[in-house]
Structures are given as structure tokens and as C-alpha cells.
Amino acid sequence: MGDVMEFSLLGSSPQFAHVLAQIRRIAKFDVAVLIGGETGTGKELGARAVHYLSARANRPFIPVNCGALAESLVESELFGHERGAFTDARQSAPGLISEADGGTLFLDEVDTLSLKAQAALLRFLQDGTYRRVGGTQTRHTNVRLIAASNANLEQLVETRHFRRDLLYRLMVMPLVMPPLRERGNDVAELAQAFLDRLNLNYRGQTAVKHFHPDFLASLRCYNWPGNVRELEHFIQREYLLCDGEVLKASMPSDRQTEAGPEVCYETGFKQGKAKTIAEFEKNFVRTMLDRTQGNITHAARMAGQDRSAFSKLVHKYRLANQVEQEQDLSGS
Ligand SMILES: Nc1ncnc2c1ncn2[C@@H]1O[C@H](COP(=O)(O)OP(=O)(O)OP(=O)(O)O)[C@@H](O)[C@H]1O
Ligand SMILES: [Mg+2]
């Protein structure tokens with residue numbers, strides 16, 4: 001067991017200090033944990049900290065992004081399958097739950113699990129037993145479950161997309177990672193830490209850079225919808241684009257007011273309106289993809305849109321090249 005700081009969870013605002021204290025406390029109790037918080041707030045880092053501060057630290061930490069797995073594969077990935085369980089199952093496979101034995105299984109985007117997979121997971125949480133897909137033998141394994149989601153699970157329970165009993169099971173130990181905009185001066189502290197790391201990584205290749213005095217203060221003017229991840233990428237971009245030694249305040253607040261669409265008055269009302277809407281849609285989709293590093297599930301969620309509707313817009317405006325490589329757009 002080490003210190004939380006070893007897991008690079010930086011920040012010393014009172015809001016974040018409270019989270020770190022909770023992490024240390026939660027780590028001691030061997031129960032399921034549910035980590036909430038907006039995209040990029042550090043849910044996965046938090047899960048790792050819980051694991052490495054727990055008595056399971058010397059056993060595996062297995063992360064699974066449920067949202068990235070095809071629905072038909074989730075159960076066999078998690079619980080394993082027997083030979084012949086489905087067309088491609090030429091051999092049996094033990095599954096990730098078995099791989100995590102003695103350690104921690106981290107289920108990211110748990111809200112994307114099908115109701116069937118949720119039922120199997122609930123059973124596993126209740127008595128530690130499960131069955132491989134296509135198998136009849138009841139198996140047992142000793143795994144701590146940490147789940148994360150940036151969706152409103154209560155709301156998904158209301159709309160019957162998420163099982164209430166599973167939510168209650170997971171909510172025994174809730175942990176919420178606060179958004180960066182509510183973490184006071186952490187934004188400056190993190191920016192400085194990211195810059196220090198870049199200076200170290202590029203030592204000898206470029207001049208050592210520092211922030212212009214206005215730079216750190218200006219970071220507070222922006223609301224960071226992509227949170228720490230967005231800040232990290234922003235500092236990296238500014239660093240790589242900066243020729244000199246001083247990173248000038250490029251006022252992220254300016255980024256908040258994305259240039260509005262140029263209205264065309266020459267084509268008549270109907271066409272002008274259609275063109276303006278199209279430009280707005282394209283800009284909006286592009287910005288959401290930009291803020292989520294091309295993660296279409298997160299981008300759709302940030303936009304408050306259904307994934308498939310969002311995906312259609314991505315195709316309509318030919319923005320697929322901005323989407324993460326491994327994501328399958330055709331399926332939605
Ligand atoms: N407190 C922190 N200190 C340092 N780095 C952090 C902190 N929180 C997050 N990060 C960094 O920000 C990035 C995003 O963190 P992480 O993947 O844990 O977020 P997340 O909440 O799981 O995001 P998502 O919902 O998009 O999956 C990572 O590169 C991580 O290292
Ligand atoms: Mg994550």
C-alpha cells in the first residue's frame with residue numbers, strides 16, 4: 001500500500017482533498033464502489049487509487065470499458081464462455097472476472113451494459129458466483145468490483161435502462177469526482193504539473209518553457225467541460241505550438257464563445273436557414289468530438305443526444321476522421 005499521490009491524483013483544493021480522503025477510506029473496505037463524475041474528471045485514476053491502496057494491491061487491476069464492447073460480446077468477455085457457446089467460440093475462455101481473481105475489476109461506462117448483463121452482474125455481486133456463457137457449472141471468484149459512469153444512473157433507473165437493485169448494490173460506496181471548474185485553484189496546479197512533465201519529456205529538444213503570469217489566472221475563466229483531460233490536452237497543444245519560452249495567455253475563455261455561423265442573406269430565407277443550421281450542426285458535432293478526443297459515446301452524451309442520432313450527424317458532415325479509430329460507426 002502506498003500513498004494516493006503515487007497514483008498521480010493531483011490537486012490540493014479542499015474539494016479534492018475531500019475526495020482523496022474518501023478514496024483512502026473506501027480502499028480499506030472490501031466492497032463494491034460506484035464512481036461518478038463528468039468525463040475526464042479522473043474516474044479511472046480514482047479506481048486505480050482505490051485498488052492500489054487496498055489489500056488487493058498485489059493482485060491484478062483489470063479495467064474494462066463496457067461501452068467499447070459489442071453488446072453481444074460483453075457477457076462472454078466478462079464471464080467467459082464454453083467451447084461452442086457461439087459461432088466463433090472455438091475454444092473456451094475464462095473471462096475477465098476470472099482473470100481479476102483476488103484483485104479488482106473496473107467496469108467503466110457500466111450504464112451501457114445490457115439488462116441481461118446487468119442481471120448476471122447483480123448475481124455475481126450478491127454471492128460471487130457466475131456462469132460462463134454456454135456453461136452450466138456455477139463458478140466462484142473473489143473479485144472486488146469498481147464501476148464508473150458519467151451518466152445519471154437514477155434517471156436510467158426511471159427509464160428502465162438500468163436495474164434499480166444493481167444501482168443500490170453499487171451505491172453502498174459512492175464516490176463522485178468533482179468537475180475541474182469546481183476545484184478552485186487545482187486548474188492552475190494541474191496546468192503547472194502538466195507543463196513540468198512536458199518540459200521533462202522534451203528536455204533537450206526544445207527550450208524549457210514557462211507560463212506568462214496571466215496564463216494560469218486565465219484558466220479559471222473557462223469552464224472545462226472535458227475536465228482534467230481537456231486541460232491536459234490544451235496545455236500539450238499550447239506547449240507544442242509555442243515557439244519561444246513563454247506560454248502566453250491564450251485565454252481559454254475565448255474558446256467558450258465559439259464563432260457563430262455566418263448567416264447567408266443572399267439565398268432567401270429558407271435556404272439561408274438550412275445553411276445556418278447545417279453550419280451550426282457541423283460546428284457543434286466537431287466541437288463535441290474535439291472535446292472528447294473523438295469518443296463518440298462521450299461526445300453524444302455531452303451533447304445530450306442519443307448515440308445513434310449523433311453518429312448520423314458525424315456521417316452527414318463527414319467528420320468520421322475525427323472519431324477514435326477503433327470505434328465502429330457502422331453498427332449504430
Ligand atoms: N487529479 C488528477 N491529477 C492528474 N491527472 C489527472 C487527474 N484526474 C484526471 N487526470 C488525467 O486526466 C485524464 C482523464 O482521466 P480519467 O481517464 O481517469 O478520467 P475519466 O473520468 O475516467 O474520464 P471518462 O469519463 O472520459 O472515461 C487522464 O490522462 C488522467 O491521467
Ligand atoms: Mg474513464
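1. A backbone N or O atom of G40 lies 3.0 Å from an oxygen atom of ligand 1 in this predicted model. The pair is a polar contact, a term for two N or O atoms within 3.5 Å; within protein, one must be able to donate a hydrogen and the other to accept it, and residues adjacent in sequence count only if both atoms are side-chain atoms.

2. Which residues are closest to ligand 1? They are L10, T39, K43, R229 and E232, within a shell of 20 residues. A residue belongs to that shell if one of its heavy atoms lies within 4 Å of the ligand. By class the shell holds six nonpolar, seven polar and seven charged residues. Here Ala, Val, Leu, Ile, Met, Phe, Trp, Tyr, Cys and Pro are nonpolar, Asp, Glu, Lys and Arg are charged, and the others, Gly among them, are polar.

3. Helix 2 (43-52) and helix 10 (227-241) each give at least two residues to the shell. Ligand 1 lies between domain 1 (4-178) and domain 2 (185-253), because both supply shell residues. The domain bounds come from an automatic or database domain assignment.

4. The protein chain as a whole has 14 helices and nine strands. These are DSSP runs numbered from the N terminus, with helices (H or I) of at least four residues and strands (E) of at least two. Of the 332 residues in the chain, 44% are buried; buried means under 20% relative accessible area, exposed over 50%, and partly exposed in between, with a 1.4 Å probe and protein chains only. The chain exposes about 17700 Å², and carbon and sulfur atoms supply 50% of that area. Among contacts (heavy atoms within 4.5 Å) between residues at least 6 apart in sequence, 71% join residues at least 24 apart.

5. L115 is in helix 5 (residues 115-127) and counts as partly exposed, at 46% relative accessibility. Its contacts, leaving aside neighbours within four places in sequence, are R160, H161, F162 and R163. L115 and F162 are 47 residues apart in sequence, while their C-alpha atoms are 6.9 Å apart.

6. Is E75 buried or exposed? E75 is buried, since its relative accessible area is 17%. The residue sits in helix 3 (residues 71-79). Not counting residues up to four places away in sequence, E75 touches G80, K116, A117, A120 and V133.

7. W224 is in the loop between helix 9 (213-219) and helix 10, and is buried at 1% relative accessibility. Q293 is in the loop between helix 12 (269-291) and helix 13 (296-302), and is partly exposed at 26%.

8. On conventions: residues are numbered from 1 along each chain as its sequence is written, and chains are lettered from A and ligands numbered from 1 in the order in which they are written. As the model is predicted, local features need pLDDT of at least 70 and side-chain atom pairs count only at pLDDT 80 or more, while totals for chains, interfaces and linings use all residues; side-chain values use heavy atoms, with hydrogens and water left out.

Note on methods
Accessible areas come from the Shrake-Rupley method with a 1.4 Å probe; for residues, only the protein chains shown count as cover.
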